[in-house]
Amino acid sequence: LQALYSGPNKIDFYRISDKKLLVSLVSFSFGEPVNPVDPNIVSATARFSYDSSDKIVGLGEHRTGQLFYNNYVHSFQKSQVYQYSIGADISIPFYTSTGGYGFLWNLPSFGSVSIQSTFAEWQSNATQQIDFWITTTNPDSTSPYADIISNYADAVGHPLELPWFASGFWQCKNRYRNQTEILDIAQGYYDRSLPLSVIVVDYFHWIHFGDWTFNPACWPSPSAMVSDLNNHGTEMMVSVWPLVDPTSNNFAAMEARGYLVKNATGQAYPFHNPQYSYDPFNPAAREFVWSKVKAGYYDNGIKVYWLDASEPERFLPDQSGTLYYYLGRDLEVGMAFPFMHHQTFYNGLKSVGETEIIVLSRSAWAGSQRYGAAVWSGDIPSTFSELAIQVKVAQNMAMSGIYWWTTDIGGYGGGNIDTPVFQELIVRWFQFGAFCPLFRLHGDRQPNDPDSSCGGSGGPNEVWRFGPTAYGVISKIILLREQLREYVMIHMKIASTKGIPVLRPMFFDWPQDPTAYLAEDQFMFGPDWLVAPVTVYQATSRSVYLPRLPANQVWTHYYTGETYPNGFHVIKTNITNFPLFFRKYVAPLVRMPAVQFFSDVRNDSLLCVSQQCFDDNAPDVAPYYYKRLRVEGYAVLSENSNTLPLNLWFSFKHNDNYVATTSNPPDSSYTVNFGNGFVFSQPGQGLISLDLYYNKDRDDHLTVASAEGLSYAKANGYQFISSQGYIYAQNS
């Protein structure tokens, strides 16, 4: 990147390799001082021009109904005012341009942005300087958007590695009121053999805001409750708000020590009457809050926190400029509140030795991902039109560097579980939600449950409560997501290491295809799955655009098995299916069946020849124990052969014991005799991963699945589907 001064207040930014003008700073100005104490704090404005063909994507979470921004003006601080945002607006001042660059407005102050057809104007209400960052990509890159978002992650922080449990299904509602309710609901999933990775305790499980502990009358044995859930492979997440009520036992100490947000006179300020907020900009306040969270939740086994109202939530009249934080006035630093709030929990969990960290937050800022922050899209309405909006919101959040994102499946408010419209909506939302980075059901359903001694609650929100038709479809979607968890984790690892999001717009993978930029209502989930959610009530078809694939691949409809060429297609749909496509290989190197080998896994040696075990810590998931088989390179085999030269490793876990291991140097070739079965790889693929499944119901054998490219193979009652070398099993 080259910056050239080209006139008064004008700087042009060129890509050096091809001399392309990317963007120009055409004007900037500073206003009068806005801080009576510090005259260096002023307002500032900067305008940047770009080509009229450039499209802008990113900027956080804004419910515009469009993927790209144009004629769009947004005030940052409105993201924190509930009447404007309903907790569903997040200002992240980073965008990617289809002109080949990424732009970050690196100021946490309140202000605004105006995106127009040929320019973007950024305004800060209070700052000492103008600070922005630009990145670009090689003009010959086949993945320019991956380059840009990776560069951004390098600058502001990569996401952590997603914990395994977070890749499964999350159950939540407004709200489970007591310990008995939540254990009964969890048991309902176990009894139905439905996977349940996370179950959530929503707000008002406390007596007062700021207690950061359970009401013992409703939650008498939290440690035993969590232990019971953990024994079934389920984690508990608990809602934590930043607010403190004057009646809380923690209020007096926090006020005396200056841990609360203040007004201009230095007094604690009740900006969320009658509650106050702790000041996350103050390191001592962060440590204090963590100490209470640790005592109330972590010490009872709860390691996952739901950071609700983390903007922080404010109400009209607008109080901008009246709040004072440890590092300055909200005008100057207010947009970084969630970023600092996330540090409270990240630093706290790290301090007690936790390595798998995730918090679910209603807000974020640039770099929140490096503190384990996932984001959900707030208190959105339960409507088909909102579902359509969320499909585009998801893509913009991915292009804003938020890699862990989810929505309230079914929407949050207004959904009546007894109506045909909602029963169809919840199915369609599940079909979308299963292909979001996090897969989470939540909502405030109607009609409400009767009040109890532990408070009020919305209506039932469990998957079997939406009618038998909906339940039949939803349960299959949950099982499909369960089968895809290894795929999700592979691409979450890529997100962590390379900064490439798993959910991304169509143009991300097909940057040279002009039509891919028009397909705003569909997206890719990793490189293999094309997802086109149905967002219209009683739809019987929808249009889908299938980009061109290499000659040896073809788009395959997941539900019908039909293959399609590239181009636009009108795909029929009913409530039981939707347009979901995956890549199928049609010209494999070697035909390979799924095979059974090893008569008894407990008595045979398995091989390990890699210096680094890729997936050594993956947990067990019923009904399989599994480990991933890693094959590097390729070999041409005869179908009549029963030997295979290759470089590989795998380890297999059964009843917490590893069966291993013959070891060779990782760069050596050797022969492994698999009897009459084969494992294969393809040339040009680089790394191929095969999943190894062990059926607990038949403890006398081990099954390795291998398929012809993307063909189907059956073994031991399971059908194995391969997708670019990854194998998924489902009941056949």
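In this predicted model, Phe 435 has a relative accessible area of 0% and is therefore buried. Phe 525, likewise at 0% relative accessibility, counts as buried. The two residues form an aromatic pair with edge-to-face geometry, the ring centres lying 5.5 Å apart and the planes standing at 85° to each other. Because Phe 435 belongs to the loop between helix 10 and strand 24 (439-441), whereas Phe 525 belongs to strand 28 (residues 523-525), the pair ties together parts that are 90 residues apart in sequence.

Helix 10 (residues 420-433) itself packs with helix 11 (residues 468-483), the axes being 10 Å apart and meeting at an angle of about 10°, which means that helix 10 is roughly parallel to helix 11. On the side of helix 10 the contact involves Gln 423, Ile 426, Val 427, Phe 430, Gln 431 and Gly 433, which meet Ala 470, Val 473, Ile 474, Ile 477, Ile 478 and Arg 481 of helix 11. By class, the residues of this contact comprise 8 nonpolar, 3 polar and 1 charged.

Across the structure, 58 aromatic pairs are present. One of them joins Phe 430 to Phe 439, and this pair is edge-to-face because the ring planes stand at 90°, with the centres 5.8 Å apart; both Phe 430 and Phe 439 are buried. Elsewhere, a single aromatic cluster is formed by Phe 13, Phe 48, Phe 76, Tyr 95, Tyr 101, Phe 103, Trp 105, Trp 122 and Phe 132.

Charged side chains are also placed over aromatic rings: Lys 55 lies over the face of Phe 68 at 5.4 Å from the ring centre, and Arg 192 lies over the face of Trp 464 at 3.9 Å from the ring centre.

Notes:
Residues numbered from 1 in each chain as written. Predicted model: local features only at pLDDT ≥ 70, side-chain atom pairs only at ≥ 80, totals over all residues. Heavy atoms only, no water. Axes fitted to C-alpha atoms, helices over the stretch in contact; angles between N-to-C directions. Helix = DSSP H or I, 4+ residues; strand = E, 2+ residues; numbered from the N terminus. Parallel < 35°, antiparallel > 145°, perpendicular 65-115°, else oblique. Contact = heavy atoms within 4.5 Å. Nonpolar A, V, L, I, M, F, W, Y, C, P; charged D, E, K, R; others polar. Phe/Tyr/Trp six-rings, centres within 6.5 Å; stacked < 30°, edge-to-face > 60°. Buried < 20%, exposed > 50% of the residue type's maximum accessible area, 1.4 Å probe, protein only. Lys NZ or Arg CZ within 6 Å of the ring centre and 35° of its normal.
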